[in-house]
Every structure is written in C-alpha cells, then in structure tokens.
Amino acid sequence: MKSTSLSLIAGAVALAAVTGFTALTVPGDDGATEAGASSRLPVERSSLLCPAPGLSDLAETAYTSFTPPANGEGEAGTAELKSPAADTKKDDKEKDKSKSEDKSEDKSKDKSKDKAAGSDKPVVALKEPGKPVTADVSGSDAPALVGTATGRLAPGWSAQQTTTVEAGDGRGVLGVSCTAPDTDFWFPAASTAKTREDYVNLTNPDDTAAVADIELYGPDGTLKSDVGEGITVPAGSGVRVLISTLTSKAAEDVTVHVTTRTGRVGAVVRTADSKTGSDWLTASAAPAGTLVLPGIPADATSVRLVAFAPGEDDADLTVRLLGKTGPFAPVGNEDLHVKSRMTAGVDLKNLTRGEAGSLLLTPTQKDRATPVVAALRVVRGKGDKQEVGYIPATGPVGAQATAADNRSKGSTLSLTAPGAAGTVKVTASAGSKAGTPVSKTYKVAAGTTLAVTPPVPSGLKGTYALTVQTQSGGPVHAARTLALPQDGIPMFTVQTLPDDGGTVEVPVAEQDLSVLDD
C-alpha cells in the first residue's frame, strides 16, 4: 500500500479512537474491500459527569471508578474525577490573593466555598485497568464531578455514585452511573405533584457557558413556561432546577426534555417523594419504536410505566413482561395508547408477582413503529417502609457494559433477551482493597429475564465492579440492583447497563487512494 492511503487511514483511525464519531477500516494491499467487513478499535479518550449528590447534610456518598482490563499495549493514561471548577480555581485564587490577605473573615468564607467547589486534587484517581478505586464524601456541600480518562484507562471507563440518606424526605439510596456530556435528554417519570420534589441537575464540563432549555409535558400536553428557556450553566459549574417552579400545574406524570442551544451538559433528575424516598432518574434511551426496561425486582410492590411520544403521531404499544419462563401480558394493561406529545402513565401494580422481570414495549402494528421514550417507577416495601427506584428504557449490553459499585452482598444482576437467546460473560473484578477476579457465563433464553446473584471476587475486601460482555446470540439487556436495607426500609437503586462505548466500529474504506501516488 502506498504512503498516501496509509496516512489517510492512520488519521481517520486516530480520530475514531479519540472521538468515537469517525472510523475507517484498512483495506487490503490489493485495494480490494469486503462488503460489510469491519473491525473495532478502543477509544483513546472518555468523559464522564457525576451530579452533585444532594441537598441533605446526612448524605454519605461513595464514588467508584473502574476500567475493565483489555488486551494489547497502549499509553498508561489517566482517569480522574474532580470538581468542574478545579481547573479554574488556580486563576481565581491568584486574582483574589491580594484582596484576601487582609480580610480574615472573607478568607474563612473562601475556604468554605472552596470545600463546596472542590479543589485541584482529584476526588477519585484511577491508577490501572481491572481494579476499582473508591472515595467517600459527606454532607450536602459535595460538588458535581467531571472526569476524563485517556490511554489504556479510557476504553470502557465507568464511574458510579452511590449516596445514602438515612432519614428525612430525601432518604434512600440514590445511585447513578456517571454519564457522558450531551445535548439532548428525555426523562419520563418525573413529577410536579405536591408530594414530589424533583430537580433537574445540569453540569457543564467545559470552559465556556452552556445554555439549556427545559420543556415539560404532562398528560394533556405541554406545560407552558418561559422560565425553563435559556438557562445558563456557567463554565465548569452545575445548576439545579426545581421542576415544580417551571409550571403552576401539578401533574403526577411529567416528561422532562432537556436540550442545549450552545455547549453540552450532563443531565439527570433527582426525585424525592414524601412517602417513598428518593433516587436518581437517568435519561431514557433515544426515542424508538421498541423499548426494553430491564431489572424489575421480584419483590416490587408497585410498578408504574410512564411513556411519551415526542413526534406528531400517536403510539400504540404492546406491553409484555419478560419473566423467568417467558413473556406474558399484564392483565388489563396488555396495550398502551400514547397520544402525541402527551405523557401517558399506567399503574401496573405488583406486576412481577414475586418473579423478577423486564418490560418490553413493541408497536401494536409492526408496520407503524412510532418512536417513544419510557421509564418505570418501581416501589419496594409497604406502609411507611417504602422505597422508590427508577428504570429507564435502555440499549443492549453490546460489546460490554459495567456496573462499578458492588458490595459483598446486595447485588442482583438481571439479564433479558427480548429477541433471540443470548449468551454473556460476567466478570467480577478485583476488589478495591483485595480480591481475585472471577468470571461466569450465562445463557439467557429468548423472551425471558434471568435474575442472578452475580459472582463475587475471591477474598474480596472493599467494593468491586461487574462487567458484562456479549459472547453470542441475540442482544441482551441488563440492569444491576443494589440493595442496602436500612432500619427495615428496603432501600435500593437500579442501574441499567447499556454498551459502554469503549470501542468504535471501523467500517470498510470504499476506495484505496494509493493510486494517487502512482
């Protein structure tokens, strides 16, 4: 192959590995390519954002950072989570130095502000693939965190934020997988009801301000508000917006749509209910005709489905629970009609009846697949001992996906194959303090959900990560439930496991440009 084609391919491959948006497969030296052929390359840079943990002084937050081990050589790289303001604090300190030297009271205030904003030192710094690193933060002043991973630590890098609040209206276990910045997010299952206090958390990782819009949709359509337009998220900062302040109308089921006019943000909704506690609601998978919502706990006492059709057409959906032995229709809720740009909610009650499952939404008419987004509000427990969690629609595991924070007890892994049967390999990593990795393979029958207690590292000390890798067969969707009961309350949180984006596909080059050198 001539030098021109080599340089073009090398440039495209490098861009693909860094951004994940551009990819190219190297053709053979004879210039021939094989239709449909492709390969995958590991990314060389990943970004994650973790929201500010909460509003309670009783909050105890654990961060876990992890990158799966991979074959091959590469630069060691770094993976750090720190306050988004940390990069600008040095400049601010220099500007304020002369002003603060003679003002001891102001200096004391600056220290308090620095604690809330973070410091130059990373909160969590990962050292090597295959072994998680953890950090703990207390109180309501803990900041949002942003992170970048490079080199060997970038492919599949994940971070988990788990906050425990033992008492108050915001009590519960609030778990969230830190997410990549983006420009478009859908959150079904939010609420402006009087018993709810839901906040949209926006985090800007960049050094220029972002401008975001928040739209709300209730059962009757748009909840009009000018307050949600043009929200400025300062550079390297986070903003909380109480959803109920954006509209005067109280609605049990609300879909929140976050977009950016300029810049990019991380977005997640923190929900709180006076009876069922609190948890994070992460974004639904992009609007699609078929959706999978995996990981409904076997002992769920209430399951509520919330769906939204963002387009001009109504959606008619078939609702099926994929259980241990196969799919079945919830009695009285076999179908769901979702009007265009109106939020639809349906109470599926104790849907699982003691058997873990996953929800599958498909178009009633196969030739009319109207895109929708959806999420589940799941409650465990009864009376004053109830706890809430959320399961958004999610994509399949793909090449691999990871749940970073697991303890010696309390984790349940749900695997569902909505189409053909699939086989996955589940690896429990080394422990954060000690422990030897363990792997196990699971086959998931078509149309079923397999709920298992995942493997635990031998000699575990500390926490560990679970990585799920597709081996063969059809797509498998997954979710991890972490149960941390407290004073008789079945506190829990559910994180879905979509593909971690650790590799990018390199498609076939259609033409060998080496002829230009001849």
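Is Arg 320 buried, exposed or partly exposed? Arg 320 is partly exposed, at 27% relative accessibility. Partly exposed sits between buried, under 20% relative accessible area, and exposed, over 50% (1.4 Å probe, protein chains only).

The model is predicted: local features need pLDDT of at least 70, side-chain atom pairs count only at pLDDT 80 or more, and totals for chains, interfaces and linings use all residues. Residues are numbered from 1 along each chain as its sequence is written, and side-chain values use heavy atoms, with hydrogens and water left out.

**View 1. The whole chain.** The chain has three helices and 38 strands. These are DSSP runs numbered from the N terminus: helices are H or I with at least four residues, strands E with at least two. Of the 518 residues, 50% are buried. The accessible surface comes to about 22900 Å², and 49% of it belongs to carbon and sulfur atoms. Areas come from the Shrake-Rupley method with a 1.4 Å probe; for residues, only the protein chains shown count as cover. Among contacts with a separation of 6 or more, 81% join residues 24 or more positions apart. Contact means heavy atoms within 4.5 Å.

**View 2. Surroundings of Arg 320.** Arg 320 belongs to strand 21 (residues 315-322). Beyond its neighbours within four places in sequence, its contacts include Phe 328, Pro 330, Glu 334 and Ser 358. A polar atom of the Arg 320 side chain lies 3.3 Å from the backbone oxygen of Glu 334.

**View 3. An aromatic cluster around Phe 308.** Ring pairs join Trp 186, Tyr 217 and Phe 308 into a cluster. The whole structure holds four aromatic pairs. The Trp 186 and Phe 308 rings have centres 5.5 Å apart and planes at 35 degrees, so this pair is tilted. Rings of Phe, Tyr and Trp (its six-membered ring) pair if their centres lie within 6.5 Å; planes under 30 degrees apart are stacked, over 60 edge-to-face, the rest tilted. Trp 186 is in strand 10 (residues 184-190) and Phe 308 in strand 20 (residues 300-308), so the pair ties together parts 122 residues apart in sequence. Tyr 217 and Phe 308 also form a tilted pair, 4.7 Å centre to centre with 40 degrees between the planes. Here Tyr 217 comes from strand 12 (residues 210-218), 91 residues from Phe 308. Tyr 217 is buried at 3% relative accessible area. Phe 308 is buried at 0%.

**View 4. The disulfide.** Cys 50 and Cys 178 are joined, S to S 2.0 Å. The count of disulfides is one, by the rule of cysteine sulfur atoms within 2.5 Å. The S-S torsion is about 105 degrees, so the disulfide is right-handed. Cys 50 lies in strand 2 (residues 45-50) and Cys 178 in the loop between strand 9 (172-177) and strand 10, so the pair ties together parts 128 residues apart in sequence. Both Cys 50 and Cys 178 are buried.

**View 5. Polar contacts of Glu 387.** Glu 387 is in strand 27 (residues 387-392). Its relative accessibility is 0%, so Glu 387 counts as buried. The side chains of Glu 387 and Arg 171 make a polar contact at 3.1 Å. A polar contact is a pair of N or O atoms within 3.5 Å; within protein, one must be able to donate a hydrogen and the other to accept it, and residues adjacent in sequence count only if both atoms are side-chain atoms. The backbone nitrogen of Val 173 is 3.2 Å from a polar atom of the Glu 387 side chain.
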